[in-house]
Amino acid sequence: MKSTAAVTIKEISSLSGYSISTVSKALNNKLEISKATREIIKSIAKRHNYVPNNYAVSLRIQKQVLLL
């Protein structure tokens, strides 16, 4: 059985043709990214079951993630 790793922003960038920065901004609903671009990127993310990395999110908001 092949294990499936979580898709990353970098992989979504490669699939969509947009930069990593643009993908990140689109997934975080930044208004500087057009609505059409956000929808394209979000549809790719949904199709590939993208889930934000909790550790990366915690670094961004400077909170500690508790391990269960």
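Analyst: The protein has four helices and zero strands, so that the order along the sequence reads α-α-α-α. Please keep in mind that this is a predicted model, with a mean pLDDT of 87 for the protein and 85% of its residues at 70 or more.

User: Where is the confidence lowest, and where is it highest?

Analyst: The lowest confidence is in helix α4, residues 54-61, where the mean is 79, whereas helix α3, residues 35-47, has the highest, with a mean of 97.

User: And how much of the protein counts as buried?

Analyst: Of its 68 residues, 21% count as buried, and the accessible surface of the protein comes to about 5,700 Å², with 56% of that belonging to carbon and sulfur atoms.

User: Which residues make up the largest nonpolar core?

Analyst: That core has eight residues, namely Val7, Ile12, Val23, Ala26, Ile33, Ile41, Ile44 and Ala45. The elements that give two or more residues to this core are α2, residues 20-27, and α3, and of these α3 gives the most, with three residues.

User: New topic: what volume does the largest pocket have, and which residues lie nearest its centre?

Analyst: The largest pocket has a volume of about 290 Å³, and of the 14 residues that line this pocket, Ile9, Tyr50, Pro52, Asn53 and Ala56 lie nearest its centre. Both α2 and α4 give two or more residues to the lining, and α4 gives the most, with three residues. When you look at that side, remember that α4 is also the helix where confidence is lowest.

User: What about the backbone, and which phi value does asparagine 29 have?

Analyst: Asparagine 29, found in the loop between α2 and α3, has a phi near 55 degrees, which is a positive value in a residue other than glycine. Most residues other than glycine have a negative phi.

User: Where is asparagine 49, and is that residue buried or exposed?

Analyst: Asparagine 49 is in the loop between α3 and α4, and this residue also has a positive phi of about 55 degrees although it is not a glycine. Asparagine 49 is exposed, because its relative accessible area is 63% and the cut-off for exposed is over 50%. Asparagine 29, at 41% relative accessibility, counts as partly exposed.

Methods. Residues are numbered from 1 along each chain as its sequence is written. This is a predicted model: local features need pLDDT of at least 70, side-chain atom pairs count only at pLDDT 80 or more; totals for chains, interfaces and linings use all residues. Side-chain values use heavy atoms; hydrogens and water are left out. pLDDT is the predictor's confidence in each residue, from 0 to 100. Buried means under 20% relative accessible area, exposed over 50%, partly exposed in between (1.4 Å probe, protein chains only). Accessible areas come from the Shrake-Rupley method with a 1.4 Å probe; for residues, only the protein chains shown count as cover. A nonpolar core is a set of buried Ala, Val, Leu, Ile, Met, Phe, Trp, Tyr and Cys residues joined through side-chain atoms within 4.5 Å. On a 1 Å grid over the protein atoms alone, a cavity is a set of points where a 1.4 Å probe fits but cannot get out, and a pocket is an open set with protein on both sides within 12 Å along at least five of seven lines; lining residues have an atom within 4 Å of a point. Grid points are joined across faces, edges and corners, and a volume is the space filled by probe spheres set on the points.
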